[in-house]
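These are my notebook entries on one protein chain, written down in the order in which I looked things up.

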Amino acid sequence: MSRSSTGKVRGTGRTTLEEVAAHAGVSTMTASRALSQPQLVSEATRTKVEQAVAELGYVPNRAARALASSQSRVIVALVPSLSNVVFTAVLDGIHDAIEHGQYQLLIGNTRYSDAEEEKLLHTYLQSDPDGILLSGLTHSPQVERMLAGSRMPVVSMMDLAEGPGELSVGFSQHDAGHAITRHLLDRGYKRIAFVGAQLDERTLRRADGYRQAMHAAGLADPRLEIMVPDPSTIALGAELMRQALDTLPDCDAVFFCNDDLAHGAIYYCQRHDIRVPQDVAIAGFNDLPASAWMVPSLTTIDTPRYRIGYEAASLLLDVIGGREPRERRIDLGFTLREREST
């Protein structure tokens, strides 16, 4: 038991909305409206309530609000990495889309692990979120069962779903992989290697696009593929470039599944007096901020990461709000940035 500033005994120790209202000199209903729908009260009233909240240290009881409104005002977003700028940009977009709707964002880092995704989803579903944002289209059977059982709206990010009822925002990873391989072929390169790491579903779809382009050109050769499950780093890119040049001496171009690896490859070539692109061309994927400033600057695929997060969250809010979305499958496309490395 604890005692409030008004002398009343409270069972939980939490400052109540009634105390905030009394401190601000307004009714409980007005205080509630000032916090949940501030546009409906005067600026003077809103200021008084906000001051009372700050002075009393009031924290709204989200569980009680959820019971009253049938909504938790919580959205879950699961991404595979919090250190990769690709996904921090996605999260920035999500945050900007939901910040004016008074939603809270629960972020989970799956670390590219099915088991971690299952654990996070199991935990977060206990908060009864209003909707879920997931990275990718491929999930474990257990995750699929939990999503089906929750009956919550789910939007997939980064790739495009094929099912007519599924909600997704992104671009075709396959087509992007095909486009950059086709670019290298059009530049006259023939022995084009594909180097992939992490081997998540997006990397594998880019590899499929590469294979299709090489097959169509009559140049497909499984020996040109180097695929490792290790997490992508600049250091790994340098090591895989060494491996490619050692095992494929006739290789004239390398398409790396992401820019981190490609940066490492360029550094390796600089250290070993290998000219890029005269001796070997290098291409990456994602157009990270440093790619335009490499020497030589890196040819890569520019992906709309921030827009994917923003549009995915906006689509989810439409569904939560009972609004029929204009599109259930939003293709934001991609842009090939041709630079000096090819």
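This is a predicted model: local features need pLDDT of at least 70, side-chain atom pairs count only at pLDDT 80 or more; totals for chains, interfaces and linings use all residues.

Entry 1: A216 itself belongs to helix 9 (residues 201-216), and it counts as exposed because its relative accessibility is 63%, where the cut-off for exposed is over 50%.

Entry 2: Is I274 buried, exposed or partly exposed? Its relative accessible area is 23%, so I wrote it down as partly exposed, since buried would require under 20% and exposed over 50%. Leaving aside residues up to four places away in sequence, I listed what I274 touches, and the list reads L245, Y268, C269, D279 and V280. I also took its distance to A262, which is 14 Å in space from C-alpha to C-alpha, for a separation of 12 residues in sequence.

Entry 3: I found that the peptide bond from V295 to P296 is cis, with omega near 0°. P296 sits in the loop between strand 11 and strand 12 (300-302).

**Entry 4: positive phi angles.** Which residues other than glycine did I note with a positive phi? One of them is R151, whose phi is near 55°, and another is Q198, with a phi of about 65°. R151 lies in the loop between helix 7 (141-150) and strand 6 (154-158), and because its relative accessibility is 77%, it counts as exposed. Q198 is placed in the loop between strand 8 and helix 9. I also looked at a glycine, G25, which comes just after helix 1 and takes a positive phi of about 75°. In helix 1 itself (residues 17-24), the buried residues are L17, E19, V20, A21 and A24.

**Entry 5: aromatic rings.** How many aromatic pairs does a search of the whole structure find? It finds 5. F194 and F255 form an edge-to-face pair, with 5.1 Å from centre to centre and 80° between the planes. Since F194 lies in strand 8 (residues 192-196) and F255 in strand 10 (residues 253-256), this pair ties together parts that are 61 residues apart in sequence. I checked the burial of F194 and F255 as well, and both are buried. Elsewhere in my list, F171, F285 and F334 form one aromatic cluster.

**Entry 6: an exposed alanine in a helix.** A235 has its place in helix 10 (residues 234-247), and its relative accessibility of 57% is the reason why it counts as exposed.

**Entry 7: the chain as a whole.** I counted the secondary structure last, and the protein chain comes to 12 helices and 14 strands. Its radius of gyration is 26 Å, whereas a compact globule of 342 residues would have one near 20 Å. The C-alpha trace spans about 85 × 40 × 35 Å along its principal axes. Of the 342 residues, 46% count as buried, and the chain exposes about 16,700 Å², of which carbon and sulfur atoms supply 50%. Looking at contacts between residues at least 6 apart in sequence, I noted that 69% of them join residues at least 24 apart. For the charges, I wrote down 34 positive and 43 negative ones, whose mean positions are 6 Å apart.

How values were computed
Residues are numbered from 1 along each chain as its sequence is written. Side-chain values use heavy atoms; hydrogens and water are left out. Helices (H or I, at least four residues) and strands (E, at least two) are DSSP runs, numbered from the N terminus. The radius of gyration is taken over C-alpha atoms; the globule rule is 2.2 Å times the number of residues to the power 0.38. Buried means under 20% relative accessible area, exposed over 50%, partly exposed in between (1.4 Å probe, protein chains only). Contact means heavy atoms within 4.5 Å. Accessible areas come from the Shrake-Rupley method with a 1.4 Å probe; for residues, only the protein chains shown count as cover. Lys and Arg count as positive and Asp and Glu as negative; His and the chain ends are not counted. The place of a charge is taken as NZ of Lys, CZ of Arg, CG of Asp or CD of Glu. Rings of Phe, Tyr and Trp (its six-membered ring) pair if their centres lie within 6.5 Å; planes under 30 degrees apart count as stacked, over 60 as edge-to-face and the rest as tilted.
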